[in-house]
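Dear colleague,

Here is the structure for you to look over. My notes follow below it.

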Amino acid sequence: MTGVLLSPGEVVDEFRAERSPFSWLLEREVLRYLRIWRYSLVGPVLSTILFVVVFGTVLARHVDGLGRFSYGQFIVPGLLVQAVVNVGYFNGTTSLYEARRDRYLHCVLASPLRWGEILGALVLASMLRGILVAAAVLAVAVPLTDLDVARPGYLALVAPAVLVVAAQFGIIAGAVASSLDHVYSIESLVLLPLGFLGGIFYPVNQLASGWQLVSELNPFFWLVQAGRTGFLGSADVPGWAALLVTWAFAAVLSAWSAVIFVRGRRLKS
Amino acid sequence: MRDHDGVPTALEVRGLRKSYGDGFTALDDLDLSIPAGSLFGLLGPNGAGKTTLIGSVCNLVRPDAGSIQVFGHAADTREARALVGLAEQDINVDRFLSVRQVLVYHAGYFGVGRREAVRRADEALELLGLTAKAKVTAPELSGGMQRRLVLARALVNRPRLLILDEPTAGVDVDLRAEIWRLVRTLNDAGTTILLTTHYLEEAEALCDEIALIRAGQIVDRGTAVALRAQYAVGSIADLYQRALAPVAS
Ligand SMILES: Nc1ncnc2c1ncn2[C@@H]1O[C@H](COP(=O)(O)OP(=O)(O)OP(=O)(O)O)[C@@H](O)[C@H]1O
Ligand SMILES: [Mg+2]
């Protein structure tokens with residue numbers, strides 16, 4: 001073998017890549033969760049489907065007032081949103097938090113990768129994982145509940161925003177968490193309550209008006225409404241409002257994570 | 001910022017300051033210039049600021065003030081990043097990837113294409129005696145093997161400036177000898193090397209120039225011979241005693 005590593009590379013005035021460092025990092029991020037697919041993909045899909053089966057078929061008999069939809073059809077869009085947000089959270093935290101904790105993030109920071117490329121690769125990989133999980137959930141939930149997509153165009157507009165929200169939320173949590181404790185407490189103190197109070201399982205107009213207001217302050221609620229509008233055609237709030245609010249969340253979280261990556265205070269010493 | 005041949009200095013650090021969040025000043029207006037092609041040793045007690053200096057050069061630490069240039073490129077440019085290889089003091093390896101993948105993806109972060117990245121990874125595995133461990137994940141390696149991996153990784157982008165932060169700490173005699181050989185070979189081929197160590201005989205045996213760092217400042221520098229003469233001491237160990245003794249309080 002004639003080696004090249006024992007001597008330095010050529011002098012260049014400008015950085016030139018044979019293949020973009022961004023695509024390498026994206027590939028690494030995707031490979032990371034594909035290697036642990038039982039945990040990263042099958043787990044979230046299975047738990048979501050169990051919700052659909054247990055709630056959508058067994059409890060369905062005790063719920064009415066949903067018009068022409070079965071209870072199963074009513075809850076699947078919200079469960080899908082919840083699955084995507086959970087996956088985004090776990091992707092960001094396991095990928096970025098662990099990269100910080102074990103300091104192999106240093107390899108990325110010390111390389112020619114720019115902050116936007118690092119963040120972009122993390123976001124895109126997380127979105128792809130969300131799409132994989134959502135597709136698998138739908139593959140089972142659709143035949144199970146006879147769910148239809150009432151407004152495919154609307155769904156196509158809102159789905160990327162939900163995926164971005166999920167990805168950025170996880171990345172921000174992964175960047176600010178200072179311990180695993182922290183990661184788990186954000187999950188149980190923020191993610192779980194917001195999810196349960198987000199109107200996945202009931203229409204908010206069945207709540208007392210005070211609770212309706214509380215629901216509307218919950219970001220999760222708007223994501224669920226957006227998802228439900230796409231699948232069922234309408235929800236508790238106007239479709240345009242849910243679309244707008246969801247994209248606004250996506251923009252705010254994206255700006256937040258961009259600030260974290262530009263400043264680097266959480267990523268470097 | 002060029003030496004007499006018109007070659008840019010490998011590393012040019014000016015007025016570098018860094019205080020950590022707790023107010024501790026780790027680097028205090030530090031200046032350092034390392035000529036291209038040298039094998040440069042940085043010597044100083046625990047907490048002197050060696051790792052903080054290296055982190056500042058490699059985009060891992062956010063300095064409060066000062067400038068850093070690598071072969072004439074500002075340290076925060078991609079051009080500068082591409083020229084540096086780093087083996088950190090504390091072992092840090094991607095626990096999700098196999099040993100071979102760690103090297104392939106690391107080359108990739110530097111813009112190397114797949115075929116070449118795989119070739120370089122295989123070469124690095126062979127150079128550091130890791131070929132038999134190519135398929136295991138890094139946490140399954142012994143400490144010494146992980147050290148080998150960190151060194152292999154620092155080579156895959158063919159750096160013109162190789163920074164080794166205490167590369168021989170906690171390694172057995174065989175690996176230490178191997179590392180010395182590797183460092184000399186790389187330096188002979190033109191790679192500039194910045195090395196920190198607490199083994200004084202290592203600095204003396206390997207380095208053509210030594211800088212002494214204490215409390216975030218370079219207090220002196222020169223060849224081992226010149227420093228010994230200047231401080232009228234018989235060995236670098238005596239020099240260390242003399243020049244880097246804790247400041248009397
Ligand atoms: N992340 C950090 N936060 C706060 N203080 C830090 C941090 N990293 C280093 N320090 C402090 O800065 C000083 C310099 O540390 P540094 O690691 O640069 O020293 P060093 O010369 O590499 O020491 P050693 O020989 O022990 O590796 C030390 O007092 C250390 O406690
Ligand atoms: Mg150190």
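A polar contact here is a pair of N or O atoms within 3.5 Å; within protein, one must be able to donate a hydrogen and the other to accept it, and residues adjacent in sequence count only if both atoms are side-chain atoms.

This is a predicted model: local features need pLDDT of at least 70, side-chain atom pairs count only at pLDDT 80 or more, and totals for chains, interfaces and linings use all residues. Residues are numbered from 1 along each chain as its sequence is written, chains are lettered from A and ligands numbered from 1 in the order in which they are written, and side-chain values use heavy atoms, with hydrogens and water left out.

Ligand 1 first. A polar side-chain atom of B:Tyr20 sits 3.4 Å from one of its nitrogen atoms. B:Thr51 places a polar side-chain atom 2.7 Å from a ligand oxygen. A polar backbone atom of B:Ala48 is 3.2 Å from an oxygen of ligand 1.

Now the interface. Contact (heavy atoms within 4.5 Å) takes in 55 residues of chain B and 46 residues of chain A. The buried area is about 4700 Å², with 57% from carbon and sulfur atoms; this is accessible area (1.4 Å probe) lost on putting the two parts together, summed over both. There are 4 salt bridges between the chains, each a side-chain nitrogen of Lys or Arg within 4 Å of a carboxyl oxygen of Asp or Glu. One pairs A:Glu27 with B:Arg114, closest N and O atoms 2.6 Å apart.

Best wishes
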